[in-house]
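Welcome, and thanks for stopping by. Please have a look at the sequence and the model, and then let us walk through a few spots together.

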Amino acid sequence: LVVLYKNVDDMEMIVLDSDPKKGIYNCKFGAFPHSSFIGQQYGTQIWSANHKGFLFALHPTAQLITGSLAHRTQILYATDISFIVSSLELKNGARVVESGTGSGSLSVSLAKAVAPTGHLYTYEFNAVRAKEAEADFKKYGLSEYITVFHRDAVNEGFCHESIKPNSINALFLDLPNPWDVIKHVVKMLCKFGRFCNFSPCIEQVQKCAEALEKHGFVDIKTFECLSKHYDVAPVEIKSLFPEETKSKLPDKCETLDSHKQKMKQGEFDKFKDLAKPYHSEKGHTGYLLSLIHISEPTRRYAISYAVFCLKKK
């Protein structure tokens with residue numbers, strides 16, 4: 001399995017085939033026999049058969065898989081995924097439940113965060129998507145860390161013979177009506193288990209927060225993650241005196257490396273590498289609801305202690 005990197009917005013993941021008749025990858029940069037990838041180190045620049053274009057062969061990390069997988073549904077990207085993994089406090093050995101497998105973008109990061117001794121149980125109500133996701137996880141080499149269930153978690157819950165009640169360390173929901181699932185969430189999470197919910201609309205967040213308050217959850221917080229990327233490119237620094245402005249803009253077909261080489265040689269003395277916002281940014285994706293679950297006896301004790309402190313004052 002290898003990720004073929006063309007540019008930051010164009011990546012593709014393929015399984016290499018040693019058969020010379022079947023093992024050929026074609027794209028706008030030319031034809032690439034799979035044999036040219038086999039045996040090479042990850043990160044190697046691979047040229048096409050006619051030497052008119054090249055690709056980079058990269059190791060399929062969680063972030064690169066997210067950027068190159070097939071979209072069966074809307075997916076979560078690195079900005080939201082990193083926050084989810086952090087807020088769930090995932091580590092090696094943790095047991096995690098996810099409801100809403102979709103294309104498996106988040107599932108890959110969750111599984112890699114808890115491997116090798118932890119496990120992810122992911123639920124998908126659509127039979128076709130569940131079967132395709134299971135095949136993808138096997139292709140990624142993650143099948144031993146992920147169990148896929150074809151099940152309607154809203155109506156049937158998460159209980160299964162391989163999952164005992166109150167044995168889950170973290171639980172994530174990506175459902176249209178998460179407030180209807182909270183009663184099942186309470187049964188699965190262990191004491192001080194972490195919970196996170198993703199919803200695109202603030203009305204969904206409000207209804208979910210109201211349901212969570214009734215079931216022993218504390219430290220309820222809502223976040224929206226937005227990121228801004230920057231491009232670094234040579235830009236002409238124009239002089240205040242027109243007679244001194246003699247240099248021309250660099251050719252658009254030239255690469256950044258060629259610009260730097262010419263700048264070193266003094267040909268582009270008035271060009272500087274400057275950072276500018278990326279031409280297309282992802283805006284609002286959704287709201288993330290993060291919180292901690294405490295058991296009902298602990299919750300009653302916490303409330304009683306708080307009342308005692310108020311009376312003492």
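## An exposed histidine

His 51 is exposed, with a relative accessible area of 60%; here buried means under 20% relative accessible area, exposed over 50%, and partly exposed in between (1.4 Å probe, protein chains only). His 51 sits in the loop between strand S5 (44-47) and strand S6 (54-58). Its phi is positive, about 60 degrees, although His 51 is not a glycine. Helices (H or I, at least four residues) and strands (E, at least two) are DSSP runs, numbered from the N terminus.

A word on the ground rules: this is a predicted model, in which local features need pLDDT of at least 70 and side-chain atom pairs count only at pLDDT 80 or more, while totals for chains, interfaces and linings use all residues. Residues are numbered from 1 along each chain as its sequence is written, and side-chain values use heavy atoms, with hydrogens and water left out.

## The chain overall

The chain has nine helices and 15 strands. Of its 313 residues, 39% count as buried. Take the contacts (heavy atoms within 4.5 Å) between residues at least 6 apart in sequence: 63% of them join residues at least 24 apart.

You will find Phe 192 in strand S11 (residues 189-199), and with a relative accessible area of 48% it is partly exposed.

Where is the cis peptide bond that has an omega of about 10 degrees? It joins Ala 115 and Pro 116. Pro 116 belongs to the loop between H3 and strand S8 (119-124).

## Helices H2 and H3

Helix H2 (residues 78-87) and helix H3 (residues 105-114) have axes that come within 10 Å and cross at roughly 40 degrees. These axes are lines fitted to C-alpha atoms, for helices over the stretch in contact, and angles run from 0 to 180 degrees between N-to-C directions. H2 and H3 are therefore oblique to each other, since angles under 35 degrees count as roughly parallel, over 145 as roughly antiparallel, 65 to 115 as roughly perpendicular and the rest as oblique.

On the H2 side, Ile 81, Ile 84 and Val 85 meet Ser 105, Leu 106, Ser 109, Leu 110 and Ala 113 of H3. The residues of this contact divide into six nonpolar, two polar and no charged. In this scheme Ala, Val, Leu, Ile, Met, Phe, Trp, Tyr, Cys and Pro are nonpolar, Asp, Glu, Lys and Arg are charged, and the others, Gly among them, are polar.

## Aromatic rings

The structure holds nine aromatic pairs. Rings of Phe, Tyr and Trp (its six-membered ring) pair if their centres lie within 6.5 Å; planes under 30 degrees apart count as stacked, over 60 as edge-to-face and the rest as tilted. The rings of Tyr 25 and Phe 32 have centres 6.5 Å apart and planes at 45 degrees, so this pair is tilted. Tyr 25 is buried at 7% relative accessible area, and Phe 32 is buried at 0%. Elsewhere, ring pairs link Tyr 121, Tyr 123, Phe 149 and Phe 158 into a cluster.

## Around Phe 125

Phe 125 lies in the loop between S8 and helix H4 (127-140) and counts as exposed at 56% relative accessibility. Leaving aside neighbours within four places in sequence, Phe 125 is in contact with His 150, Arg 151 and Asp 152. Phe 125 and Thr 101 are 24 residues apart in sequence and 8.7 Å apart in space, C-alpha to C-alpha.
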